[in-house]
Amino acid sequence: MKAAVLDQSDFSIRIEEVAIPEIKAGQVLVKIKAASLNHHELWPMQEKNQFADFKIIPGADGAGDVVDIGPDTDSSWLHKRVIINPSLNRDKNAKNFESDFEILGYPTQGTFAEYIAIDERSIYEIPAHLSYEEAAAVPLAGLTAYRALFSRGQLNRKSTVLITGIGGGVALWALAFALKMNSRVYVTSGQDDKIQKAIVAGASGGANYKNPNWKKELSDQTEGFDLILDGAAGTGFEVLLHLVKAGGKIISFGRTAGSIPSFNPKLIFLKQITIMGTTMGNADEFKNMLYYVLYHQLRPIIDSVYAFDDIQCAFERMESGEQFGKIVLKM
């Protein structure tokens, strides 16, 4: 089969011919129709932290058809359209992950291939209103956003929410989910056109974090935020402490802007702010997230679709930071 392979000798990614994986007991063989990119695939190439001395097929997100099943596998899965939960080794309803938790695609062989062998407990039927390309844009970002908003953030219909870095997959799913709760949602971005696109999608306002006065701009638009979802961290994190309401929550799910520099913790304890981290989600959260998508007939915002052979161009698009929505590979 054809697969995109990450060679850890030089951390390059290229298309190669590899063997179709063998399916074990309790597994299914999925013919991948579409996959999507996340920073999860970008970090190993950028940071060059070698996991092991071998080649890895990356890819957390994927959707396709079950074409074969292994022993002790439910035969009803055969020929079904399925979406893959990339959160591995996490109990069905565990609040936290164990030491063996990992995200599909690093080091376990991922979805950037024509076929993948995966445990049947990791597959779910694709919501009927979604295409393969749309379904592939759901898993990692949708699960992360759902857990951040509902399990960790305890979002309610009276919440005023700030989502940083709008344009990324998690941020856009969080926007869609929060709007269905009738929450007032504001956004930040380093590009004015992304803020305007978010407003068209339903956001109440926003600010460009490259503007030195972005804290004041947001303060002028609202009296503060009950809940802030942040996937950036970096130097702008301290501003969030000023923007969150007393007793509010900041949920951290990423680090695209790097480490958080030192800051005075006075605001944290005087305002009684709760700062929480979140990573992916458990099986119950994935199932509930899919039901939320189905019930509200939500569709992902897709930035671009690339042919599988053009995967290098897809990664260049992600590295540029220009995308608004998910970058999808069509097999």
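Pro107 sits in the loop between β8 (102-103) and β9, strands being DSSP runs of E of at least two residues and helices runs of H or I of at least four, numbered from the N terminus. The peptide bond leading from Tyr106 to Pro107 is cis, with omega near 10 degrees. The model is predicted, so local features need pLDDT of at least 70 and side-chain atom pairs pLDDT 80 or more, while totals for chains, interfaces and linings use all residues. Residues are numbered from 1 along each chain as its sequence is written, and side-chain values use heavy atoms, without hydrogens and water.

Two residues other than glycine have positive phi. His79, in the loop between β5 (61-69) and β6 (81-84), has a phi of about 75 degrees. His79 is exposed at 63% relative accessibility (exposed is over 50%, buried under 20%, partly exposed in between, with a 1.4 Å probe and protein chains only). Met280 has phi near 50 degrees and lies in the loop between β16 (274-277) and α9; Met280 is buried, at 3% relative accessible area.

Helix α9 spans residues 283-295 and contains Tyr295, which is exposed at 57%.

The lining of the second largest pocket divides into twelve nonpolar, nine polar and seven charged residues (nonpolar: Ala, Val, Leu, Ile, Met, Phe, Trp, Tyr, Cys and Pro; charged: Asp, Glu, Lys and Arg; polar: the others, Gly among them). A pocket is an open set of points on a 1 Å grid over the protein atoms alone, with protein on both sides within 12 Å along at least five of seven lines, and lining residues have an atom within 4 Å of a point. Strand β9 gives the largest share of this lining, five residues.
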